[in-house]
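Please look over the model shown here. The briefing that follows groups its features by topic.

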Amino acid sequence: MSSNSPASPLAEGLRRALPIVLGYTPVGFAFGVLAVKNNIPPSLAVAMSVLMFSGSGQFVFAGMWGAGAGTLSIMAAVFIVNLRYLLQSAAESPWLAGLPQFQRFLLGLGITDETFAVHVTAFQNGWKRNLTTLFVCNQTTQLAWVGGCAIGAFCGELVTDVKPLGLDYALTAMFLALLVPQCVSRLHVLIALFTMTLSIALKVSGMSQWNIAVATVAGASLGTALLLYRDKKEAAYTGHNKASTPQYDHTASNADQKNIERNTARDESQNNSGMQTETGRMTANPDEANS
């Protein structure tokens with residue numbers, strides 16, 4: 001098999017999942033430890049990872065549960081944190097059009113920030129949709145998350161604090177690894193730096209965890225405004241070029257007209273020459289002409 005042969009759908013799904021697995025496993029482990037330390041039974045922590053599969057939502061749940069927050073408060077906080085999945089599902093839906101509703105539902109359950117990033121990036125680069133790749137990537141990453149959580153939940157007593165291990169930075173490192181390949185233009189870099197700076201500034205000024213959501217919305221709005229401005233500017237430039245080139249079209253039209261006239265004159269000349277030759281031949285043979 002040639003080394004340039006495209007990877008199989010299964011291999012492609014595993015390739016996409018690999019960097020996410022490297023991040024999910026330690027962070028899932030950290031969640032398992034945190035959940036047990038906040039008086040969440042290990043089995044419930046694992047069940048959350050299977051049924052909920054929301055890293056940030058699960059950390060919010062564990063923290064508020066340990067702090068003694070009410071059920072409605074926890075549900076509201078988790079709902080708000082997970083609202084972004086609605087936007088991600090809507091953004092990915094154009095590439096999933098035509099699939100049966102049940103398959104789209106299953107793919108929607110597997111959406112996370114990371115799988116959304118790798119799938120949408122592939123679609124934007126012209127990748128042709130393959131369900132095997134999508135499902136393998138989604139389920140492999142969830143398996144890594146559940147496995148890390150189970151190890152942390154059932155073996156967490158061996159670890160008194162996860163911060164010295166640096167596991168809390170694994171998620172940040174994974175997001176950086178996913179963000180950098182998507183910064184393919186100066187506009188992407190500008191928006192990423194603006195959002196990061198705004199988020200840090202809001203955090204330093206005293207805002208709670210909402211700093212990330214506010215900075216994300218502001219960065220996305222700024223990026224959209226700059227894209228619209230650029231498209232409008234390019235459209236105006238294109239229109240100006242079309243308006244400033246009528247003389248060129250007129251010249252081209254004249255050239256075509258001259259060619260047509262030249263060809264017509266040549267055909268007429270050939271026809272006249274043929275008629276003269278025929279007339280001369282008939283004059284030279286009057287008998288043939290009379291017949």
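**Glycine 32 in helix H1**

Beyond its neighbours within four places in sequence, glycine 32 is in contact with Cys149, Gly152 and Ala153. This is a predicted model. Glycine 32 is one of the residues of helix H1.

- Glycine 32 has a relative accessible area of 0%, so it counts as buried.
- Leucine 44 is 12 residues from glycine 32 in sequence. The C-alpha atoms of glycine 32 and leucine 44 are 10.0 Å apart.

**Overall make-up**

- The protein has 13 helices and 0 strands.
- From the N terminus, the order of elements reads α-α-α-α-α-α-α-α-α-α-α-α-α.
- Of the 291 residues, 28% count as buried.
- Take the contacts between residues at least 6 apart in sequence: 74% of them join residues at least 24 apart.

- How many salt bridges does the structure hold? The structure holds 2 salt bridges.
- Glutamate 12 pairs with arginine 15 in a salt bridge, with the closest N and O atoms 2.7 Å apart.
- Glutamate 12 and arginine 15 are 3 residues apart in helix H1, so about one helical turn separates them.
- Glutamate 12 also forms a salt bridge with arginine 16, at 3.1 Å from N to O.
- Glutamate 12 and arginine 16 are 4 residues apart in helix H1, which means a separation of about one helical turn.
- A network of salt bridges links Glu12, Arg15 and Arg16.

**Burial within the network**

- Glutamate 12 has 15% relative accessibility; buried means under 20%, so glutamate 12 counts as buried.
- Is arginine 15 buried or exposed? Arginine 15 is exposed, because its relative accessible area is 52% and the cut-off for exposed is over 50%.
- Arginine 16 has 5% relative accessibility and therefore counts as buried.
- In the pair of glutamate 12 and arginine 16, both residues are buried.

**Surroundings of arginine 16**

- Arginine 16 sits in helix H1, which spans residues 9–37.
- Which side chain makes a polar contact with the side chain of arginine 16? The partner is the side chain of histidine 119, at 3.0 Å.

**Helix H2 against helix H8**

- Two packed helices are described by the angle between their axes and the distance between the axes.
- Helix H2 covers residues 42–51 and helix H8 covers residues 131–155. Their axes come within 9 Å and cross at roughly 170 degrees.
- Angles over 145 degrees count as roughly antiparallel, so H2 is roughly antiparallel to H8.
- On the H2 side, the contact is made by Pro42, Ser43, Ala45, Val46, Ser49 and Val50. On the H8 side, Gln142, Trp145, Val146, Cys149, Ala150, Ala153 and Phe154 take part.
- The residues of this contact of H2 with H8 divide into 10 nonpolar, 3 polar and no charged.

**Serine 49 in helix H2**

- Serine 49 belongs to helix H2.
- Serine 49 counts as buried because its relative accessible area is 0%.
- Apart from its neighbours within four places in sequence, serine 49 is in contact with Phe31, Gln58, Gln142, Trp145, Val146 and Cys149.
- Cys149 is in contact with serine 49, and Cys149 is also in contact with glycine 32.

- Most residues other than glycine have a negative phi.
- Asparagine 39 has a positive phi, near 65 degrees.
- Where is asparagine 39? Asparagine 39 is in the loop between H1 and H2.
- Asparagine 39 is at 65% relative accessibility, so it counts as exposed.
- Phenylalanine 53 is not a glycine, yet its phi is positive, at about 50 degrees.
- Phenylalanine 53 lies in the loop that runs between H2 and helix H3 (55–66).
- Phenylalanine 53 is at 5% relative accessibility and therefore counts as buried.

Key:
Residues are numbered from 1 along each chain as its sequence is written. This is a predicted model: local features need pLDDT of at least 70, side-chain atom pairs count only at pLDDT 80 or more; totals for chains, interfaces and linings use all residues. Side-chain values use heavy atoms; hydrogens and water are left out. Helices (H or I, at least four residues) and strands (E, at least two) are DSSP runs, numbered from the N terminus. Buried means under 20% relative accessible area, exposed over 50%, partly exposed in between (1.4 Å probe, protein chains only). A polar contact is a pair of N or O atoms within 3.5 Å; within protein, one must be able to donate a hydrogen and the other to accept it, and residues adjacent in sequence count only if both atoms are side-chain atoms. A salt bridge is a side-chain nitrogen of Lys or Arg within 4 Å of a carboxyl oxygen of Asp or Glu. Axes are lines fitted to C-alpha atoms, for helices over the stretch in contact, and angles run from 0 to 180 degrees between N-to-C directions. Angles under 35 degrees count as roughly parallel, over 145 as roughly antiparallel, 65 to 115 as roughly perpendicular and the rest as oblique. Contact means heavy atoms within 4.5 Å. Ala, Val, Leu, Ile, Met, Phe, Trp, Tyr, Cys and Pro count as nonpolar, Asp, Glu, Lys and Arg as charged, and the others, Gly among them, as polar.
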